[in-house]
Amino acid sequence: MEQTSEFDCKEITSIKDAPQKHHIELLHYRQKSNWDCGVSCVLMVLPNKHRQHLTKNLSKICRSEGFNKSTWTIDLCYLLKKYEVQHVFYTVTIGVHEGYRANSFYHQILTKDENRVKVKFRDASKNKIPVRKASISILHIIEQLLNGPIIILTNARLLYCDICKSNKISNELRKCLPWPTTYQGHYIVLCGYDIERQRVFYRNPSFGDRKYASNEEAQREVLKKGGFCRCMCHVGVHFGRSA
């Protein structure tokens with residue numbers, strides 16, 4: 001299943017080797033419904049010509065791609081491939097994680113989505129979609145951001161902004177409660193970092209045109225709980241047809 005990336009990536013062995021700051025300018029797109037955060041993230045990383053085409057033909061394309069209003073990260077990869085955007089998909093599970101069956105967030109959609117998702121994973125290699133089974137570290141995120149934006153699946157209940165403190169009160173309260181945090185999948189686009197301030201910047205399609213920031217402590221906490229990096233799609237800095 002694993003393939004070599006179609007584009008050259010900068011590699012670092014330590015955070016000290018990376019530039020202290022890095023920002024990627026993206027044209028923001030706000031999601032229109034409760035299901036289209038992933039597609040909205042794809043729209044943020046597309047070149048303008050393709051962005052306009054997808055926006056104009058969104059419903060038709062979502063149906064023709066087979067996911068309609070229920071998107072998994074592998075669906076987003078096929079959508080990126082459709083528009084000739086080079087990318088690499090990192091995931092902790094190839095296919096559908098068996099643990100999802102007990103998760104109320106996934107329970108209702110697994111029945112109708114499981115076969116499609118498994119087929120797309122199976123056919124990813126012949127469609128030249130690079131899929132890598134791997135857990136993601138903060139160092140890896142910084143390394144990949146040097147090469148392009150990252151579409152990432154998060155747990156919305158653990159996500160907050162260190163600048164505007166959005167959702168922070170809820171997160172602080174959860175630390176005092178004895179029961180586990182429930183999972184609510186949500187896609188965002190990572191678009192930069194600041195090592196000195198220990199922040200990773202992201203765009204959230206749920207809100208308006210601005211950058212949000214997550215501090216290092218929060219990043220490590222959600223990484224530990226599996227809420228920040230279930231799936232990560234690194235988008236290359238070059239656009240065009242893959243070889």
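Analyst: Let us begin with a definition: a residue is buried under 20% relative accessible area, exposed over 50%, and partly exposed in between, using a 1.4 Å probe and protein chains only. Arg210, for instance, has a relative accessible area of 30%, so Arg210 is partly exposed. A word on the source: this is a predicted model, where local features need pLDDT of at least 70, side-chain atom pairs count only at pLDDT 80 or more, and totals for chains, interfaces and linings use all residues. Residues are numbered from 1 along each chain as its sequence is written, and side-chain values use heavy atoms, with hydrogens and water left out.

User: Where does Arg210 lie?

Analyst: Arg210 is in the loop between β6 (199-203) and β7 (212-215). Its C-alpha atom is 9.9 Å from that of Leu27, although 183 residues separate the two along the chain.

User: Why is α1 called largely enclosed?

Analyst: Nine of the nine residues of α1 are buried, so the rest of the structure largely encloses this helix. Among them are Gly38, Ser40, Met44 and Val45. Cys37 shows how the test works: its relative accessible area is 8%, so Cys37 counts as buried.

User: What about helix α6, and which of its residues are buried?

Analyst: Helix α6 (residues 138-145) has seven of its eight residues buried, so it too is largely enclosed by the rest of the structure. The buried ones are Ile138, His140, Ile141, Ile142, Glu143, Gln144 and Leu145. For the chain as a whole, 53% of the 243 residues count as buried.

User: What makes a group of residues a nonpolar core?

Analyst: A nonpolar core is a set of buried Ala, Val, Leu, Ile, Met, Phe, Trp, Tyr and Cys residues joined through side-chain atoms within 4.5 Å. The largest one here has 62 residues, and Val39, Leu54, Ile74, Ile151 and Leu190 touch the most other members. Helix α1 (residues 37-45) contributes the most to this core, with seven residues.

User: How do you know how many disulfides there are?

Analyst: A disulfide is a pair of cysteine sulfur atoms within 2.5 Å, and that rule gives a count of zero. Take Cys37: its nearest cysteine sulfur, that of Cys41, is 6.3 Å away, and Cys37 is in no disulfide. Elsewhere, Cys191 has 0% relative accessibility, so Cys191 is buried.

User: Why is the pair of Phe89 and Phe121 called tilted?

Analyst: Rings of Phe, Tyr and Trp (its six-membered ring) pair if their centres lie within 6.5 Å; planes under 30 degrees apart are stacked, over 60 edge-to-face, and the rest tilted. Phe89 and Phe121 are 5.8 Å centre to centre with 35° between the planes, which makes them a tilted pair. Phe89 lies in strand β2 (residues 85-91) and Phe121 in helix α5 (residues 104-122), so the pair ties together parts that are 32 residues apart in sequence. Both Phe89 and Phe121 are buried. The count of aromatic pairs is one.

User: What makes a charge sit over a ring?

Analyst: NZ of Lys or CZ of Arg must be within 6 Å of the ring centre and within 35 degrees of the ring normal. The charged end of Lys32 sits over the ring of Tyr29, 5.2 Å from its centre. Lys120 has its charged end over the ring of Tyr78, 5.2 Å from the centre.

User: Which residues does Cys233 touch?

Analyst: A contact means heavy atoms within 4.5 Å. Leaving out residues up to four places away in sequence, Cys233 touches several residues, including Cys77, His87, Phe89 and Ile151. Cys233 lies in strand β8 (residues 231-239), and at 1% relative accessibility it counts as buried.

Terms used:
Helices (H or I, at least four residues) and strands (E, at least two) are DSSP runs, numbered from the N terminus.
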